[in-house]
Amino acid sequence: MRTSPLVLTPGEQGGIAPEITAKAWQSLHPEPASCFFLISDLHAFSARVQQSGVTVPVQAIATPEEAAAVFPMALPILHRPLPSQPEAGKFSIKAAPWVIAAIDGAVQLCLDGKAAAMVTCPIQKESLYAAGFTFQGHTDYLSHLARVRGFAATEVMMLVGGGLRAVPVTVHIALKNVAQALTAAAIEAQALVVHEALKNNFAIARPRLAVTGLNPHAGENGSIGREEIDIIIPAIQRLRERGLDVQGPLPADTAFFPQARQNYDAIVCMYHDQALIPVKALDFHGGVNVTLGLPFIRTSPDHGTALSLAGTGKADPSSLIAAMRLARDMADNARR
């Protein structure tokens, strides 16, 4: 049975998204299972790719169903005209509504079963904010789109790379605010989402979770802070009562060395850098950002728009290729 293709959103057109998309197609088009199509302006995309010195054939498609036949020979593009031609190295506020509309369209295609999963190219939040976008980024916006369509959603960010799956409970907030924002309910809710995703999307029958502490040495029994005693340990105890295999709280400075990583399938961390630093240290170019807890699968390269590299031909597509392959694996596991 033929599976649906992946849908790729265009991201910021002034950045490296067109170049890494073209390079990803060059790498993946011999693999029918990796079939994807891009929502973009076919003409603007071709011009930007040529500027980067990359040569790829492109072909417009009218529906996602046409992508499979086109993909081995050309990059399939669901043509959506841009309001103006993007300039390499500069983000475009005028194009921001077009970028948002492409995300909206990709979500609907996933919910309609016409795309197996969505992969998102990096967005320039500054341009989206200037156009009236009120969300922190992709993660909470995708959760919002699911909810307004009547689906339950508890968005959870997971970073995957170098054999590590790491989840930050608090994300884009100042470090000084983490302790106040951290709750046992948030830890428990996110761990439950991760547990289910490991079973359904990663084919791990009996997931093993680890949870880090917040303070140095996981608080040393309260002598370096009480967050472990008052917040983290109660959350772990409730998760164990639900039947989950959870260890912790682990001191973050020893939770990521190779022998420790062999003891868990995913680790729930207390703040952004605690989760992202080890993933990026292990696999900087191949890291993938995954949003769990949605009624569809979403992955993304774990990097930004890289405006300074746009048009140079030097952009590395490794993270986007890894995001494509992971999205396909997750979709296949869920379907099975």
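Where is the place of Glu 12? Glu 12 sits in the loop between strand 1 (6–9) and helix 1 (17–28). The model is predicted.

**A buried charge**

Glu 12 is buried, yet has no salt bridge. The nearest side chain of opposite charge belongs to Arg 48, 6.9 Å away. A salt bridge would need a side-chain nitrogen of Lys or Arg within 4 Å of a carboxyl oxygen. A polar atom of the Glu 12 side chain does lie 2.9 Å from the backbone nitrogen of Gly 14. Leaving aside residues up to four places away in sequence, Glu 12 touches several others, including Lys 90, Phe 91, Pro 122 and Leu 307.

**Aromatic pairs**

A search of the whole structure finds five aromatic pairs. Two of them are listed here.

| Pair | Centre to centre | Angle between planes | Type |
|---|---|---|---|
| Phe 36 and Phe 71 | 5.4 Å | 65° | edge-to-face |
| Phe 135 and Tyr 141 | 5.0 Å | 55° | tilted |

Phe 36 lies in strand 2 (residues 36–40). Phe 71 lies in the loop between helix 3 (67–70) and strand 4 (75–79). The two are 35 residues apart, and their pair links distant parts of the chain. Both Phe 36 and Phe 71 are buried.

Tyr 141 has 8% relative accessibility, so it counts as buried. Tyr 141 also belongs to one aromatic cluster with Tyr 129, Phe 133 and Phe 135.

**Helix 11**

Helix 11 spans residues 272–282. Its buried residues are His 272, Gln 274, Ala 275, Leu 276, Pro 278 and Val 279. They pack against strand 6 (156–161), strand 7 (164–168), strand 8 (208–212) and strand 10 (266–269).

Note on methods: Residues numbered from 1 in each chain as written. Predicted model: local features only at pLDDT ≥ 70, side-chain atom pairs only at ≥ 80, totals over all residues. Heavy atoms only, no water. Helix = DSSP H or I, 4+ residues; strand = E, 2+ residues; numbered from the N terminus. Buried < 20%, exposed > 50% of the residue type's maximum accessible area, 1.4 Å probe, protein only. Lys, Arg positive; Asp, Glu negative; His and termini not counted. Polar contact = N/O pair within 3.5 Å; in protein donor to acceptor, adjacent residues only side chain to side chain. Contact = heavy atoms within 4.5 Å. Phe/Tyr/Trp six-rings, centres within 6.5 Å; stacked < 30°, edge-to-face > 60°.
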